[in-house]
Amino acid sequence: MGQPSTSPRQGAHVTPPRRQPARRRGTAFGRRAVLATVPVAVAALVGAAAPAGTGTTGAAGAGDPYFPLSGNGGYHVRHYDLTLRYRSGGRLTGTAVLTARATQPLTRFDLDLKGLTVDGVTVDRTAATAVERSGQELVVTPRHALRAGHDFTVTVRYHGTPKPVTDPDGSADGWIPTDDGAFVANEPQGAMTWFPANAHPKDKSSYDFTITVPKGRTAVANGVLLGQRTAGGETTFRWRETQPMAAYLATATIGTFQVHRYTTRDGIQVYDAVDPREAEAAAPVLAKLPSVLEWESKLFGPYPFTSAGSIVDHADVGYALETQTRPLYDSAPGLLTLVHESAHQWYGDSVSLTSWKDIWLNEGFATYAEWLYSEQHGGASAQKTFDALYARPADDGLWAYPPGDPGSGENIFGTPVYDRGAMALHELRKTVGDPAFFRILRAWATGHRDGHGTTAQFVRLAEKESGKRLDSLFHTWLFTKGKPNRG
């Protein structure tokens, strides 16, 4: 995530956390869905989430220590086909078809869904024997038990007026109503406010979206726009993201937008949707997106997706989000915010977390991308930015907790994760030298493309590429409490 839109960055000033002050997503229309090729490791990750001794009941969570009920055990969702109809006043009706594979025998499994009324659930086209609600869990008992390795389809019909969820830091995410639609930003747990999901980054899937809105509104989701049509006072938009995506990176943002479409010289399909109230301020920054992606591709490896763009809404939310292929901004972004959210397409979207504890792998990397952009485009050097941060006193919030272990979901978007995470990367750069450092950045993004990564894996990669022992460096900058001593 990016910095708060209420205090725009200038020059090489340090990126604040995304959520101060609270504490801080064209082929023929109607083409059939194409399932993403999801790494085999995903099934192992999701299967491992189920605690020992659960037998044939899928776990109610994916095992994340900060968000224990996010995600579910016992199955992997290969594909979501979401059909949504939004009406003025905020009412939503939806049908979600999940194509999944059981990773253990299942007589019962959970989906994450909060606040909406469920009208019916089928498993393999047969009505479920039982459907129960338990907090954010939708507990489904299929008529016939599912064997391990079995491919199955779950269809959930639902309706209601979605509302955002309040995160541990007091901020809102999920389906956030606006004066002309909804700003839909799901990190870390908001997906469940508008569709049933296995909503943890461990589980990545391909997506199809069919979104019908009142004529004059635009519905923007992830990937490529397959087509749109207007009839009976409504317009239907169809979107497809074929590459693996975590649920928190999906969006279905709705509003009155000006749309600009083009293709970059690298063949990336760009779709920008901008609220007219933000258009003048946003235009010069959005015009730089192709050059930013080209610059980042040279550093990090080929752009990991086939489409890109921006959604610039007019919403009082206070943060931006790296929705996959099409970052979401609550107002006209600054250039370094664009750089930050674009860098997340490599670090966070393509290479995803297995635990929210490792959030520095997303935010530290995207923040350091800003430092590098400034350094290479006439601004302050990364060293100067590092020095300005390190000059802060020991009681400054920058040193409140270590970025490699923020301690709880309340802290995952705080200053240490962003800025001290970037400082850890800068210390790595100084220790191994530029040639090895930039090999490490590129190898991390390309070696884990469409998959997942952990801090331990990154440390091993850095040691392999540099030929140096780095455990002390990472212990100091990622896991030591308080202000570290400089080496």
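Buried, in this presentation, means under 20% relative accessible area, while exposed means over 50% and partly exposed lies in between, using a 1.4 Å probe and protein chains only. Helices (H or I, at least four residues) and strands (E, at least two) are DSSP runs, numbered from the N terminus.

The structure is a predicted model, in which local features need pLDDT of at least 70, side-chain atom pairs count only at pLDDT 80 or more, and totals for chains, interfaces and linings use all residues. Residues are numbered from 1 along each chain as its sequence is written, and side-chain values use heavy atoms, with hydrogens and water left out.

I begin with helix 10. Its buried residues are Leu473, Phe474, Trp477 and Leu478. They fall within an arc of 95 degrees seen down the axis, so they line one face of helix 10; the arc is that of the directions from the helix axis to the C-beta atoms. An α-helix has 3.6 residues a turn, so residues three or four places apart point the same way. Which helices cover the buried residues of helix 10? The cover includes helix 5, helix 6, helix 7 and helix 9 (455-466).

Helix 6 (residues 382-390) can be described in a similar manner. Ala382, Thr385, Phe386, Leu389 and Tyr390 are its buried residues. These cover an arc of only 130 degrees around the axis, which puts them on the same side of helix 6. Their cover includes helix 5, helix 7 (415-432) and helix 10 (471-479).

Lysine 430 lies over the face of phenylalanine 386, at 4.8 Å from the ring centre. Over the ring of tyrosine 390 sits the charged end of lysine 483, 4.5 Å from the centre of that ring.

I turn now to aromatic pairs. Rings of Phe, Tyr and Trp (its six-membered ring) pair if their centres lie within 6.5 Å; planes under 30 degrees apart count as stacked, over 60 as edge-to-face and the rest as tilted. By this rule there are 31 aromatic pairs. Why is the pair of tryptophan 175 and tryptophan 194 called tilted? The ring centres of tryptophan 175 and tryptophan 194 are 6.0 Å apart and the planes stand at 50 degrees, so the pair is tilted. This pair links distant parts of the chain, 19 residues apart: tryptophan 175 is in strand 10 (residues 172-178), and tryptophan 194 is in the loop between strand 11 (181-185) and strand 12 (204-214). Tryptophan 175 counts as buried at 2% relative accessibility, and tryptophan 194 counts as buried at 0%.

Another pair, phenylalanine 300 and tryptophan 346, is edge-to-face, with 5.5 Å centre to centre and 70 degrees between the planes. Phenylalanine 300 lies in helix 3 (residues 289-300) and tryptophan 346 in the loop between helix 4 (335-343) and strand 21 (352-353), so the pair ties together parts that are 46 residues apart in sequence. Both phenylalanine 300 and tryptophan 346 are buried. One aromatic cluster includes Phe300, Trp346, Trp444, Phe458 and Phe474 among its members.

Next comes the nonpolar core, a set of buried Ala, Val, Leu, Ile, Met, Phe, Trp, Tyr and Cys residues joined through side-chain atoms within 4.5 Å. The largest such core has 138 residues, of which Phe109, Trp194, Phe195, Phe209 and Phe458 touch the most other members. Helix 5 (residues 360-376) gives the most to this core, with nine residues. For phenylalanine 109, contact (heavy atoms within 4.5 Å) beyond its neighbours within four places in sequence includes Gly58, Tyr75, Val123 and Phe152.

Finally, the strands, which pair if DSSP finds at least two bridges between them. Strand 6 (residues 130-134) and strand 7 (residues 137-141) run antiparallel and are joined by five bridges. Glutamate 132 has valine 139 in strand 7 as its bridge partner.

Strand 17 pairs with strand 18 (residues 269-274) in the antiparallel sense over six bridges.

Technical notes
A charge sits over a ring if NZ of Lys or CZ of Arg is within 6 Å of the ring centre and within 35 degrees of the ring normal.
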